[in-house]
Number of protein chains: 2
Amino acid sequence: MRDAVRRATLAELAEHGFRGLTVENVAERSGVHKTTVYRRWGSVEGLISDALELAGAEPWPIPDTGTIEGDLRGVARLVQNGFADPELGPVSSAFVAAAMQNPDAARALHDFFESRHEQSSRVVRRAVERGELPDTVDVLEVIRVAVAPIYYRLFVAHEPVTRADADRAADAALAAARAGVLAARAEPHG
Amino acid sequence: MRDAVRRATLAELAEHGFRGLTVENVAERSGVHKTTVYRRWGSVEGLISDALELAGAEPWPIPDTGTIEGDLRGVARLVQNGFADPELGPVSSAFVAAAMQNPDAARALHDFFESRHEQSSRVVRRAVERGELPDTVDVLEVIRVAVAPIYYRLFVAHEPVTRADADRAADAALAAARAGVLAARAEPHG
């Protein structure tokens with residue numbers, strides 16, 4: 001049942017976005033009784049949080065090209081392609097919009113990205129093992145810096161994002177990591 | 001009158017966010033008749049677009065520390081401080097949220113950031129004049145990369161942003177610019 005409701009949530013988000021998402025429509029599409037959906041998920045925000053939780057647990061096709069240049073570009077292109085995808089793009093955008101308007105959705109999206117950062121940072125860990133990057137590097141920050149300009153263009157400045165933009169964002173993160181400015185910081189005492 | 005309505009829009013956004021913004025409340029707070037507000041601004045989205053247009057025209061206190069390191073960190077700190085500000089922060093966040101839900105607001109925010117990028121890029125142009133950066137650098141992209149991780153933490157990953165995070169984002173952009181990966185690209189022919 002959880003999977004049916006989740007798939008219905010994603011389909012409704014793809015069609016109508018966050019603003020058009022209703023418990024009634026998800027119930028109807030999933031074939032689960034409305035009363036049950038209300039009891040178990042509570043609200044639209046509960047549906048979104050649950051869908052995000054399942055999405056975060058899914059493995060991501062992390063690239064393994066043999067070099068950190070190729071791998072980081074691969075991660076950035078996954079993000080860029082995801083938003084350009086006619087089915088996946090609107091759903092992902094709806095998640096970001098929902099999190100801006102609701103604290104529960106924001107927490108769920110936070111956890112989702114924590115999982116994504118952790119998975120993606122494998123490409124940076126491998127680079128450290130191969131000696132391409134110093135072992136002082138903050139592996140999660142390299143990922144953040146590599147994808148941030150893509151999200152910034154999409155959701156803040158509302159500018160188009162090309163594959164070249166994705167590559168450039170990845171290259172910038174790598175240059176910063178090599179220059180040592182993305183080193184892990186000592187935790188403050190106290 | 002335009003200024004009164006605009007100030008009322010900003011005050012309402014600060015108090016209630018985008019979801020709580022209504023034409024009625026803006027009319028009441030501004031002392032302008034509701035019918036007039038509807039006729040001239042049309043809707044909540046029209047009010048937001050107008051407030052953004054005026055905000056974009058305002059000069060930004062671009063830093064001038066004498067070095068590109070200090071100036072870029074200054075730009076990143078302006079962004080970080082702005083969102084941490086108890087009055088300005090909620091308004092800025094409301095603009096970002098509104099743009100995610102409405103095409104008119106998205107266009108207005110796009111224009112606002114175009115203006116901000118242009119103003120901020122002065123620090124990069126000065127660095128080129130001083131010989132700190134090559135004249136092939138894409139001055140607008142340096143600004144995007146310097147601020148993107150701040151917005152990414154705030155509005156996508158929903159992570160806290162410290163001044164050290166802002167500095168690190170600025171340092172990363174500078175390292176990338178120095179490494180030559182933020183060079184302006186030749187426009188494709190055709």
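Mentor: In this predicted model, helix α6(B) gives five residues to the lining of the second largest pocket, the largest share. Helices here are DSSP runs of H or I with at least four residues, numbered from the N terminus. α6 (88–101) is one of the helices of chain B that each supply at least two lining residues, together with α1 (2–16), α5 (68–84) and α7 (103–120). The lining has 20 residues in total, and B:Trp60, B:Leu88, B:Ser92, B:Phe112 and B:Arg116 lie nearest the centre of the pocket. A pocket is an open set of points on a 1 Å grid over the protein atoms alone where a 1.4 Å probe fits, with protein on both sides within 12 Å along at least five of seven lines; lining residues have an atom within 4 Å of a point.

By class, this lining holds 15 nonpolar, two polar and three charged residues. (Asp, Glu, Lys and Arg count as charged; Ala, Val, Leu, Ile, Met, Phe, Trp, Tyr, Cys and Pro as nonpolar; the others as polar.) The volume of the second largest pocket is about 460 Å³, taken as the space filled by probe spheres set on the points. Domain 1 (2–55) and domain 2 (61–178) of chain B both contribute lining residues, so the pocket lies between them. The domain bounds come from an automatic or database assignment.

Now the other chain. The largest pocket has a volume of about 610 Å³. Of its 26 lining residues, A:Leu88, A:Val91, A:Ser92, A:Phe95 and A:Arg116 lie nearest the centre. In chain A, α1, α4 (44–57), α5 (68–84), α6 and α7 (103–120) each supply at least two residues of that lining, which divides into 19 nonpolar, two polar and five charged residues. The largest pocket lies between domain 1 and domain 2 of chain A, because both give residues to its lining.

Those two domains of chain A have C-alpha centres 27 Å apart. Chain A as a whole has 10 helices and zero strands, and its C-alpha atoms fill a box of roughly 55 × 45 × 30 Å along the principal axes.

Helices α1(A) and α6(A) also touch each other. Their axes come within 8 Å and cross at roughly 95 degrees. The two helices are therefore roughly perpendicular, a label for 65 to 115 degrees. α1(A) brings A:Leu10, A:Leu13 and A:Ala14 to this contact, and α6(A) brings A:Pro90, A:Val91, A:Ala94 and A:Phe95. Seven of these residues are nonpolar, with no polar and no charged ones.

Residues are numbered from 1 along each chain, and chains are lettered from A in the order in which they are written. Local features need pLDDT of at least 70, side-chain atom pairs count only at pLDDT 80 or more, totals for chains, interfaces and linings use all residues, and side-chain values use heavy atoms, without hydrogens and water.

Definitions and conventions. Axes are lines fitted to C-alpha atoms, for helices over the stretch in contact, and angles run from 0 to 180 degrees between N-to-C directions. Angles under 35 degrees count as roughly parallel, over 145 as roughly antiparallel, 65 to 115 as roughly perpendicular and the rest as oblique. Contact means heavy atoms within 4.5 Å.
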